[in-house]
Amino acid sequence: AGYQITQQRVPIAVNGSLSYSLCIDNKMSQMVTKTVRIKQIQLEQDSGKSLHDDTRSQTLVDLNRAGVGLMEVVMEPDMCCGEEAAAAVRELQLILQTLGSSQAVMAEGQLRVDANVSVHHPGDPYGVRTEVKNINSIRFLAKAVDYEIQRQIEELENGGTILNETRAFDSKLGCTVPMRDKEGKQDYRFMPEPNLPPLILYDAKSLPANMNHQQVVNVDWIHERLPDLPSVKRARLVERYGILPEHSFTLLNEDGLTEFFENVVKQTQMKPKKVIGWILQDMLSYLKQHSLTVKESPVSSSRLADLLNLLEKKEISSSAAKQVLAELWKGEGKTPLEIVKEKKLELIQDQKELERICQAVIDGQGNEVLAIKAGNHKVLNKLIGLVQRETKGRSNPVLVKQLLEKKLSE
């Protein structure tokens, strides 16, 4: 079609809100919940996309997505920085994925953001806004908004003016660049589409008595069948497993990580509060280091659960467990127990052997022993570490500490 269909004049929903959370000063332990108002949600057709080739001084038009349905969520200007915008869009993305409305993968064009940015002094009217179009990642959204805020402030402080224009974010340069200006009033010409019947939404109260339920949209009926939204899932994780609220955010933010965590908890004797540490600090760092998703992890939830069971039953130490995890990460198909036996990582059960090693460490660290006897008990951690090194991680740190304290008190 030579025109775009939109619900802009009669949107499907108005006057909503979206709650989102973000951390203060990059501290996950300090989180605050904020709300952005949603002006309206409208259904539209996707239009053609212009591809500007500066090298050849030409513009190409890609019509492959023209006519595909899309949903536009219009938010009110309630956010003040890139971090807030990114947190709000991430929450919206999670909601869309939970509902099955969209996979919302930004890199694949399933979710894009147009950010309208303006600056003003407190109490003054909003300034002239610019629109940064087609931002394709949450990280770029935060950078684009923050850059544009700073650019406008510097422009105004230097006596310049802000143009009502469309800009694009150049991710390589980390800045926004102008596309076209909007100074002239756009000559948009709207008209009703005669081939589309009206879309009428009902609730339980407004639904006509003799209406065929399969031929109408009943909002209340849909609402009753919605899955738990991300905020409800996070609250349930905190309540069920006793984990910290900030950990629940990380679990939901990584696709598949919640299911992975819950599967490990089901198969291990270790308490969830300890399991979450292994998931977020060890597993997640491995995944990010190798740019893998949870589903691509060479370490399955059952393998990690087996490893944590060995640790919980005190058959291996935590340092040995980390060595086993590193071996599991190679994806050679070995079980944690097979790796433990192959690498001889079992805890030393012979207490006399441990006492001998502890005594040897004490005999070789005269200055540290004097410091401990003088009241500096922190030095004891160094002796524990030396015993661990001597045993190649095969000693129980708690037992080693008890043996060292006993020998030093003699």
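The model is predicted, so local features need pLDDT of at least 70 and side-chain atom pairs count only at pLDDT 80 or more, while totals for chains, interfaces and linings use all residues. Residues are numbered from 1 along each chain as its sequence is written, and side-chain values use heavy atoms, without hydrogens or water.

I begin with the record. An unreviewed UniProt entry lists residues 259-408 as "domain: Asn/Gln amidotransferase"; such annotations may be inferred rather than shown by experiment. That stretch is 68% helix and 0% strand, where helices are DSSP runs of H or I of at least four residues and strands are E runs of at least two. Its end C-alpha atoms are 48 Å apart.

Next, the cores. A nonpolar core joins buried Ala, Val, Leu, Ile, Met, Phe, Trp, Tyr and Cys residues through side-chain atoms within 4.5 Å, buried meaning under 20% relative accessible area with a 1.4 Å probe, protein chains only, exposed over 50%, and partly exposed in between. The largest core has 38 residues, of which L251, F261, I279 and L304 touch the most other members. Helix α7 (272-289) is among the contributing elements, and α7 gives the largest share, 9 residues. A second, separate core of 27 residues includes L18, V89, M106 and L111.

Finally, there are 22 salt bridges in the whole structure, each a side-chain nitrogen of Lys or Arg within 4 Å of a carboxyl oxygen of Asp or Glu. K133 pairs with D114 at 3.2 Å. K133 lies in strand β7 and D114 in strand β6, so the pair ties together parts 19 residues apart in sequence.
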